[in-house]
Structure formats: structure tokens, C-alpha cells
Amino acid sequence: MSATPTTVPALARPPRRDPVRPRQSSATAARDVRTMVVRETRRQLRSIDGLITAFFLPVMVMLVFVVIFGGAIGGDGYIDYVVPGVLVMCLGFGSATAAVGVAQDMTSGTIDRFKTLPIFGTSALWGHVVASVVRNLASAVVVVAVALALGFRPDAGLGDWLGVVAFAVLAVLTFTWLSVALGLVLSVEAAQSVNFLFLFVPYLSSGFVPVDTMPSWLHGFAENQPFTPVIETFRGLLSGAPETTTALTAVAWLVGFLVVSCAAGSLLYRRRTAR
Amino acid sequence: MTEPMIAVQGLEKSYGDHAVLRGVDLSVRRGEIFALLGPNGAGKTTTVNILTTLVRPDGGTARVAGADVVHDAARVRETIALTGQYASVDGFQTGRENLVMMGELAHLPRRAVRTRAAALLERFDLADAADRRVGSYSGGMRRRLDLAISLVADPTVLVLDEPTTGLDPVSRSQLWEVVRGLAADGTTVLLTTQYLEEADRLADTIAVLHDGRVAARGTAAELKSLVAGDHVRVAFEDPASLATARGLAPQLGLATTETDDKDLSLTAASADPVRTIREVLAAADAHGLAVSGVSVVRPTLDDVFLALTRKESAR
């Protein structure tokens with residue numbers, strides 16, 4: 001009974017007309033990514049957590065540093081020093097929410113279902129990434145607006161501002177792909193801790209206080225960790241005096257992490273199934 | 001004679017040292033409802049994952065609608081739809097938004113997406129809840145939406161991985177109705193289940209998966225005939241009658257009898273139940289025994305399942 005015949009009689013049921021699908025193309029791939037971006041945006045806008053992380057938390061961090069710590073740390077000029085640090089921290093933990101979304105989709109079997117569809121391979125991941133870029137640029141605008149209201153006076157020209165935007169996009173792309181790759185391997189609970197990476201590691205950089213005010217055993221890490229050149233690049237652009245070497249170091253770090261995370265994420269997406 | 005819609009031969013898959021599939025053969029006809037029956041860990045989900053291109057097999061071949069699941073995965077994905085174990089619908093979207101999203105991902109013509117979504121919501125009795133977020137749906141509603149989502153692209157082959165696990169009896173029979181309707185329209189359905197009743201009531205063909213192999217395959221009736229035939233059960237009104245009947249059994253040629261002192265019954269295997277009943281009743285009359293009921297007991301899939309898994313484990 002367990003032998004499998006190569007041909008079997010058909011059932012006495014009416015034949016059906018199978019649907020004809022359009023061939024996959026760059027047009028259908030763009031449609032897939034767009035659909036996924038709409039999905040992610042809904043997830044963010046419809047959760048209180050998501051909205052708090054995207055808009056309320058960045059403003060609070062800004063207020064804490066400028067209003068509460070500002071007086072003790074550096075007086076009036078401190079706001080101009082600290083805004084780039086706050087900005088990078090906010091872009092970081094704003095991107096980290098992608099890890100939670102991806103982990104949820106893995107656990108719920110949603111990613112498995114997407115993988116059985118004739119769609120552009122990693123469109124589900126690109127949905128997270130594109131939605132994250134849009135969301136984080138919006139929260140960056142809010143952060144900068146609040147900073148300006150608090151007395152932040154940048155000296156950036158138009159070109160510098162364009163540089164800020166371009167560099168912010170690169171940073172968010174990198175942070176989000178890193179979060180997405182982590183979300184594919186972590187549980188939902190563990191994925192919620194990915195934002196600690198972006199909440200605490202920036203403190204050990206030049207973002208909030210100059211490195212030479214830290215204990216000497218921290219100098220090595222603080223000067224050479226990636227957040228330092230990234231924050232310094234924003235600081236340079238916002239003060240209207242970007243430094244080429246720092247900017248190149250930052251871009252090298254970000255592109256390096258981006259390539260590795262994007263490749264690892266895409267590979268993990270293909271390999272892993274729901275758990 | 002036509003090529004099977006799903007053709008699986010010698011499928012093997014191991015995770016580390018653990019062999020999950022050890023040479024599975026399956027053949028599913030177009031328009032058939034085919035049940036993969038087995039306990040947890042028998043390899044049901046792994047088989048489903050291979051057929052839906054999620055997992056690559058270590059050995060053997062699997063073809064869906066003539067397309068190889070490894071070398072022609074893109075074509076397989078155009079043919080199948082998967083409803084997994086966990087009702088993977090988005091709680092943060094409404095029922096309609098979930099359906100429209102899948103219509104978009106199926107690359108339906110833009111105008112057709114909304115009409116199709118509305119028609120499916122109607123068909124699955126979700127029209128009233130269409131614009132509520134799925135997070136507020138009941139378990140049964142989520143499953144129905146999950147199934148509706150799988151049907152957006154009108155799949156040729158529908159794969160249902162434990163579709164009714166955790167559903168109440170009403171939702172379960174509703175879902176069975178839908179699956180029967182789909183098969184009647186020519187959709188091929190492969191479902192996995194650990195419920196024997198589900199396989200019995202729903203499937204045209206059942207394959208019992210045990211320990212990574214197909215232990216038996218056939219219709220529910222064919223499988224039941226695998227375990228030794230029918231039994232006759234006679235119940236008595238008092239313990240004295242039961243005791244006397246027990247003594248008489250060997251004379252009537254009833255070798256393997258089982259007695260139940262609680263409901264005062266005697267059960268015996270019989271190749272010809274009608275004749276056995278006549279003889280038992282005649283003997284009861286002759287000895288003045290008080291009979292309260294007579295019935296024929298047919299083997300259930302449970303018996304088949306237990307017999308098969310016991311045999312396999314003993315190997």
C-alpha cells in the first residue's frame with residue numbers, strides 16, 4: 001500500500017482553470033516592496049509603543065540632555081555639542097524597532113507565508129528598511145525642530161544640510177539592516193533589547209561628553225568605536241565645518257556594517273523557517 | 001491516467017543527527033483531499049515545508065504540478081498556497097487590509113484586488129468584521145481569515161498545516177465544509193492533522209506518517225481493513241447472565257472474548273457479525289439469558305493508528 005504509482009486515475013471532479021500569473025519583473029518587485037512598506041508603516045503608526053519610540057522618546061532624550069544635564073555639563077554652548085549625539089542615538093533606537101517586527105514575523109509564521117509567495121525574495125525585509133528610513137527621517141526632523149526651539153544654533157549651509165540628510169539615510173539603512181539581521185535570529189523578547197545597543201554604546205563615544213574627560217582606560221574604545229566618527233561627522237556638518245577624514249572613516253564603518261548586515265540578513269531570511 | 005498533482009519520492013531530511021524524514025513517498029491526485037496523519041514529530045511539518053519550498057530536502061524528489069520544489073521553486077510558489085499552524089495574519093491590520101495586502105503580493109490586477117477581498121470576506125462570513133483590526137478577532141475568525149488569505153490568488157494546490165488545531169467543534173466543522181467546497185471546485189488539498197476524525201471525515205486518501213516514513217496509505221476504509229475485522233458486542237442485564245455467556249463463548253466458536261464487568265458486556269472478534277449475532281441470541285434464548293443490547297463494533301482509525309505505530313516501534 002505504500003508503493004507510489006507514477007500515474008494515478010484522476011478523480012471524477014470537474015477540471016478547473018488554473019490562474020495565469022504575471023511574470024516576476026522589476027515592476028512586480030517594486031510593487032512587493034511598496035506593499036511591505038505600507039504594512040510596516042501601519043504596524044508602527046498603530047502601536048502606542050511604536051509612536052512613543054519614534055517621536056516621544058527622541059524629544060525626551062533631547063530635553064533630558066539639554067534642560068537637565070545641560071547646565072551641569074557645559075552651560076549654554078552644550079546644546080550645540082550634544083545635538084549630534086542625541087540625533088544618532090535616536091536614529092539608532094528608532095531603527096532597532098525593526099528587530100522586534102522581524103522577530104514577530106518569524107515567530108508568527110508570517111515570514112514563512114511570504115516565502116511561499118511568488119514575490120521578490122527579500123521584499124519583506126526591504127519593507128522594514130524603507131519604512132524605517134521614512135520614519136526615522138521624520139523623527140529626526142522633530143528632534144532638530146525641538147533642538148532649534150531650545151536654542152540650538154547650527155552653522156550649516158544648504159550643502160551641509162543635504163549632507164546631514166544623506167548621511168542620516170546611510171546611518172538608518174545600516175542600523176536597520178543590522179537590526180533586521182538580528183531580528184531574524186533572536187526571539188521577540190531578545191529582539192526588544194537590540195535598542196540597548198543604540199541607547200548605551202553611544203554614551204561611550206564623543207557624543208555626549210568629550211572623550212578626554214573620560215577615564216583613560218576608556219579612551220581607546222571611545223575614540224575608535226564607530227559611533228564616534230559617525231557623531232563627529234554630523235557635528236562637523238551641522239557646524240558647517242565637516243572634516244573629510246572623519247567623514248570617510250564614518251562612511252567606511254557604516255558601509256562595512258551595511259554590507260555585512262544586508263548579506264547576512266538576506267541569507268538568514270532564505271535559510272530560516274518559523275520556530 | 002494523469003500525472004499526480006503532488007509527486008514525492010524517497011524524501012529525506014535530517015537536522016543534525018536526527019533523521020526527520022527517512023524516505024517518504026506520496027502521490028496526490030488533482031482535486032483530491034489528501035491527509036498526512038501522524039503524531040507530533042512524525043515529520044508532517046517538515047514534509048509541508050519541503051513541498052512549499054521553505055526547506056530543501058537532503059534526498060529524494062518532490063514535484064508540485066510538475067515543477068520541482070528545489071530547482072523550480074518559483075513555479076511551485078505560483079501554484080501553491082500555505083496556511084500554516086499559527087494563523088499568520090497581521091493583528092495590526094484589519095481583515096480587509098490583510099486580504100488586500102495578499103492580493104497585492106499575488107500581483108492581481110489592481111482593480112481586482114479590492115473586489116476579490118470583498119468577495120472572500122463575504123464568503124468566509126467576515127464581512128461585518130472586515131474593517132476591524134484582526135487583533136480583536138476570535139480564534140475561529142482568525143483561522144477563517146487565514147484560509148481566505150490563502151485563497152486570494154486562487155491556488156491550484158492548497159496546503160493546510162494542522163488547520164483546525166485549537167478550534168472549537170463548530171469552527172472546525174465550518175472549516176471542513178469550506179475545504180470540501182474547494183476540493184469540489186477542483187483545488188487539490190494537502191492537509192496535515194493529528195486528529196483521526198478529521199482525516200476520516202475529510203480526506204479522500206490518508207497517509208499515516210510515522211517516524212519519518214509512510215506507515216500506510218489508502219482510503220479511511222482501506223486503512224481500517226488493515227486491522228483485524230469487526231467485533232460483536234453483547235450487553236446483558238445482570239452479572240449472572242454475563243458469567244453464563246462467558247462460559248458458553250468457546251462452544252460458539254468465539255475465541256478472543258473481552259468482558260467488561262462495568263457495563264456487563266462481552267466483545268468478540270467475528271468474521272461474520274450477522275451470523276455471530278444470530279448464534280449468540282439463539283444461545284441466550286436457549287439458556288434464558290437477559291440480553292440488553294447487541295452491536296457490531298467496527299475498527300476506527302484510532303485502532304489502525306495504534307496498530308501501525310505499535311508495529312513500527314517494535315521494529
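1. Two strands are taken to pair if DSSP finds at least two bridges between them, and helices (H or I, at least four residues) and strands (E, at least two) are themselves DSSP runs, numbered from the N terminus. By that criterion, strand 4 of chain B and strand 5 (residues 67-68) of chain B pair in the antiparallel sense over two bridges.

2. On conventions, this is a predicted model, in which local features need pLDDT of at least 70, side-chain atom pairs count only at pLDDT 80 or more, and totals for chains, interfaces and linings use all residues. Residues are numbered from 1 along each chain as its sequence is written, while chains are lettered from A and ligands numbered from 1 in the order in which they are written.

3. The mean pLDDT (the predictor's confidence in each residue, from 0 to 100) of chain A is 88, with 91% of its residues at 70 or more. Within chain A, helix 6 (residues 158-185) has the highest confidence, at 95, and helix 2 (residues 48-73) the lowest, at a mean of 85. Residues 1-9 of chain A have a pLDDT below 50, although this stretch has 19 contacts in the model beyond near neighbours in sequence; a contact requires that the C-beta atoms of two residues, placed from the backbone, lie within 7 Å. Where pLDDT is low, the predicted coordinates should not be read in detail.

4. As to overall architecture, chain A has eleven helices and zero strands, whereas chain B has eleven helices and 14 strands. The C-alpha atoms of chain A fill a box of roughly 85 × 40 × 35 Å along the principal axes, and those of chain B one of roughly 80 × 45 × 40 Å.

5. A residue is called buried if 20 or more other C-beta atoms lie within 10 Å of its own, exposed if 12 or fewer, and partly exposed in between, with C-beta atoms placed from the backbone. On this count, 43% of the 275 residues of chain A are buried, as are 48% of the 315 residues of chain B. Among contacts in chain A between residues at least 6 apart in sequence, 81% join residues at least 24 apart; in chain B, residues 24 or more positions apart account for 69% of the contacts with a separation of 6 or more.

6. A nonpolar core is a set of buried Ala, Val, Leu, Ile, Met, Phe, Trp, Tyr and Cys residues joined through C-beta atoms within 7 Å. The largest has 144 residues, of which A:Ala99, B:Ile6 and B:Val189 touch the most other members, and helix 3 (residues 78-108) of chain A gives the most to this core, with 17 residues. Apart from it lies another core, of eleven residues, among them B:Phe236, B:Ala245, B:Leu254 and B:Leu289.

7. In chain B, strand 1 (residues 6-15) runs antiparallel to strand 4 (residues 59-64), to which five bridges join it, and B:Gln9 stands opposite B:Thr61 of strand 4. Leaving aside neighbours within four places in sequence, B:Ile6 has contacts that include B:Leu26, B:Val64 and B:Leu190.

8. Strands 4 and 5 of chain B form a hairpin with two residues between them, and B:Val64 has B:Ala67 in strand 5 as its bridge partner. B:Ala65, in the loop between these strands, has a positive phi of about 50 degrees although it is not a glycine, and with 20 C-beta neighbours inside 10 Å it counts as buried. B:Asp211 likewise is not a glycine but has a positive phi, of about 60 degrees; it is partly exposed, with 18 other C-beta atoms within 10 Å. Most residues other than glycine have a negative phi.

9. In helix 9 (residues 239-248) of chain B, B:Ser241, B:Leu242 and B:Ala245 are buried. Because these residues cover an arc of only 100 degrees around the axis (the arc of the directions from the helix axis to the C-beta atoms), they lie on the same side of helix 9. On the other side, B:Pro239, B:Ala240 and B:Gly247 are exposed.
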